[in-house]
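Here are my notes on this one, written for someone opening it for the first time. Have a look at the model, then go through the points in order.

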Amino acid sequence: MKEKNAEMEYILLRTVADAGIPVGAGYLADTLQSTGKSTLSEATIGRYLRQFEQRGYLKSEKYDGRSRGRAMSEAGLAYLRELEVSRQQAQMVQTTLELFMMVLITSLFSVLAAFVLVYMQSKKISNLRQRRLLQPTQQVRILRACARL
């Protein structure tokens, strides 16, 4: 849940910063819905904006006593940079895990292929031994050949 909240905070603050002008909840709701980044209601976005203002990330802009919306503060820009770094780190961890899984799966397939090869050769040796067509020195040679693969 915390990661989801941090992601929403990032999206909202990034949108406010990109606007470059004071914005309100209605503008943000319309912008986020039109870009497909969020389906939050205007009221929910307004609650986020109030929290951001209380934490000092946004400042309310007024003109002739009327609210013009909220704009980024220096603290908000610093927090946005922190969120961007966290997102980049999370992406790097995700990429590393995906690469690790690919290597692990490839390694497992290699081990499985080697197992199948040894198993098949063992079956051949066993079959030849039962029919007494294979000498012990030939068994050793076949197993050594398998080990080199």
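1. A word on naming before anything else: helices (H or I, at least four residues) and strands (E, at least two) are DSSP runs, numbered from the N terminus. By that scheme Glu74 sits in helix H4. Keep in mind that this is a predicted model, where local features need pLDDT of at least 70, side-chain atom pairs count only at pLDDT 80 or more, and totals for chains, interfaces and linings use all residues. Residues are numbered from 1 along each chain as its sequence is written, and side-chain values use heavy atoms, with hydrogens and water left out.

2. Start with Glu74, then. Is this residue buried or exposed? Buried means under 20% relative accessible area, exposed over 50%, and partly exposed in between (1.4 Å probe, protein chains only). Glu74 has 64% relative accessibility, so it counts as exposed.

3. With 47% relative accessibility, Ser110 counts as partly exposed. Ser110 and Val93 are 17 residues apart along the chain, and their C-alpha atoms are separated by 25 Å.

4. Next, helices H2 (residues 25-35) and H3 (residues 42-54): their axes come within 8 Å and cross at roughly 120°. The axes here are lines fitted to C-alpha atoms, for helices over the stretch in contact, and angles run from 0 to 180 degrees between N-to-C directions. H2 and H3 are therefore oblique to each other; angles under 35 degrees count as roughly parallel, over 145 as roughly antiparallel, 65 to 115 as roughly perpendicular and the rest as oblique.

5. Which residues make the H2 and H3 contact? From H2 they are Ala25, Gly26, Leu28, Ala29 and Leu32, and from H3 they are Glu42, Ile45, Gly46 and Leu49. Contact means heavy atoms within 4.5 Å. The set divides into 6 nonpolar, 2 polar and 1 charged.

6. On to the core. The largest nonpolar core has 21 residues, and Leu12, Leu13, Leu28, Ile45, Leu49, Phe52 and Leu58 touch the most other members. Such a core is a set of buried Ala, Val, Leu, Ile, Met, Phe, Trp, Tyr and Cys residues joined through side-chain atoms within 4.5 Å. The elements giving two or more residues to this core are helix H1 (2-19), H2, H3 and helix H4 (74-130). H1 supplies the largest share, 6 residues.

7. Leu28 is worth a click. This residue of helix H2 is buried, with a relative accessible area of 0%. Not counting residues up to four places away in sequence, Leu28 touches Leu12, Thr15, Val16, Val23, Ile45 and Leu49.

8. Thr15, in helix H1, counts as buried at 9% relative accessibility. Leaving aside neighbours within four places in sequence, Thr15 is in contact with Leu28, Thr31 and Leu32.

9. Last, Gly69 in strand S2 (residues 66-72): this glycine is buried, with a relative accessible area of 8%. Beyond four places in sequence, Gly69 touches Pro22, Val23, Gly24, Lys59, Ser60 and Glu61.

Key:
Nonpolar A, V, L, I, M, F, W, Y, C, P; charged D, E, K, R; others polar.
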